[in-house]
Amino acid sequence: MRKRRVSLEAGKGLKPRVASPATTMLLHFFLASFVFLSSVKDGSARITSSFVRSEYPSADIPLDHEAFAVPRGYNAPQQVHITQGDYDGKAVIISWVTTDEPGSCKVQYGTSENKLQDSADGSFTNYTFYQYKSGFIHQCLIEDLEYDTKYYYRIGSGDSSRDFWFKTPPKVGPDAPYKFGIIGDLGQTFNSLSTLDHYIESGAETVLFVGDLSYADRYQYNDVGQRWDTWGRFVEKSTAYQPWIWSAGNHEIDYMPYMGEVVPFRNFLNRFPTPYLASKSSNPLWYAIRRASAHIIVISSYSPFVKYTPQWTWLKDELKRVDREKTPWLIVLMHVPLYNSNEAHYMEGESMRAAFESWFIDHKVDVIFAGHVHAYERSYRYSNVDYNITSGHRYPVPDKSAPIYITVGDGGNQEGLASRFTEPQPQYSAFREASYGHSTLEIMNRTHAVYHWNRNDDGKKVKTDSFVLHNQYWGSHRRRKLNKHLLVRLFDADTITTI
């Protein structure tokens, strides 16, 4: 299966002619493509990286480390995080914890740092897990925000109040540019800290988180709740300033009968709200949002999904609601990958693949992000929908209508890397490496996006795998040719090669 790319000959005296904002946007895209094409992998080659990660110890950061510092002041808000609060990006849910008493549930906010003219009232809850008693968990929905606007907000009161900010996305539309970060299986080790710091440097505006947050379930008794608290403070330097779109993994289940804890997802659901009602979902673990030019669907690998279950029924209806004229980019998040050539969790996603793969192809999903496997892997456009027990293809085959599958379960958690890949490398696997890192997906317009996976290498961020993603709905061959001719006019280039 071939991948297409655009390359420019250097040193030809390129002279861009910028005539309009649209032209400027396209110029930005093609310049970005030129910079990054040195690391774009040819679609005819499968690569298993030989890089050997020099990793920090995979133990969790000690409790007294500054990464877990408690903010100063009596009852000061901590573990601050925000997520999208509606279907279209004009609302946010702000969450925080106070430990001494409930305190104020009010959020003051405004477009001026020195004048927070508006306010919203929230609510609080708390819960127990074994003998651990959580702090007071506040949640406040702020609605009717303006698009593409920076807001400042204040939580808490008196000398213990804390100030933060966030920026709303552009209005939902087909050519709204936007940059997402993708992180999975993060944990709270020094490797996790490296991933988080590198992500913050990327300039991305929203995290698509593909499950396995704190790894607190690797502890016992009251230490479980304590490690959920440390993780909340650990990620606050990002989560307080931009939305993280949550999906749940196996380390969020927290099923611990020996402690008397048998209600799944108890810690996760109390701490991390999602806007599930806005997409007509009946459960916070599966939902959808629209943000800029992307329609993002979150599904739960650890909830029932076979025929006629609530998740199955909801996903069937949500896929019908997708309007590619308004949101050309269709992205799906899940925890367990449907395609994975690592020995860790091999074929674990097969039942969900059998249930949903044909839907993803029929609706031309652009890319599916998953975690779970503690390594990085990217696929070509392949499918296995023709396979059945008695006939059909035994192995996945090239399918231009299929999504690209990307596994990013490489955040840095204490379980370490999954370093053993199956051999030989399957035909569907484009690039794989057992390292820690994070990804970004920068949407340029309705037809093209630029994707990067950035390896964490001994404290440095290293661009390791990159490609230009063509939109499944708008990126037809005819439109690609039109963009190629426009590129000639923009750059006066002598040679443009599409692969």
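Strand β5 (residues 106-110) and strand β11 (residues 150-155) run antiparallel and are joined by three bridges. The model is predicted, so local features need pLDDT of at least 70 and side-chain atom pairs count only at pLDDT 80 or more, while totals for chains, interfaces and linings use all residues. Residues are numbered from 1 along each chain as its sequence is written, and side-chain values use heavy atoms, with hydrogens and water left out. Helices (H or I, at least four residues) and strands (E, at least two) are DSSP runs, numbered from the N terminus.

**The four-stranded sheet**

- An open sheet is formed by four strands in the order β6-β5-β11-β12, with antiparallel pairing; two strands pair if DSSP finds at least two bridges between them.
- The edges are β6 (118-121) and β12 (162-167), each with a single partner strand, so one side of each has no neighbour in the sheet.
- On average, neighbouring strands of this sheet are turned by 25° against each other, direction ignored; the axes are lines fitted to C-alpha atoms, and angles run from 0 to 180 degrees between N-to-C directions.
- Within β11, R154 stands opposite Q108.

**Strands β13 and β25**

- Five bridges pair strand β13 (residues 178-183) with β25 in the antiparallel sense.
- K179 has E442 in β25 as its bridge partner.
- Six of the seven residues of β25 (residues 437-443) are buried, that is, under 20% relative accessible area with a 1.4 Å probe, protein chains only.

**Helix α7**

- Helix α7 (residues 350-362) has 13 residues and reaches 18 Å from its first C-alpha to its last, close to the 18 Å expected at 1.5 Å a residue; the expected span is 1.5 Å times one less than the number of residues.
- At F356, α7 bends by about 50°, the angle between axes fitted to the seven residues ending there and the seven starting there.
- Buried residues in α7 include M352, R353, F356 and W359.
- The buried residues of α7 pack against α6 (310-321), β18 (329-333), β19 (367-370), β21 (382-383) and β23 (404-408), where contact means heavy atoms within 4.5 Å.
- K364 follows α7 and has a positive phi, near 55°.

**Nonpolar cores**

- A nonpolar core is a set of buried Ala, Val, Leu, Ile, Met, Phe, Trp, Tyr and Cys residues joined through side-chain atoms within 4.5 Å.
- The largest core has 90 residues, and F234, W244, I297, I299, F360 and F369 have the most contacts inside it.
- β18 gives the largest share of this core, five residues.
- Another core, of 17 residues, lies apart from it and has V92, A120, Y153 and A240 among its members.

Notes:
Buried means under 20% relative accessible area, exposed over 50%, partly exposed in between (1.4 Å probe, protein chains only).
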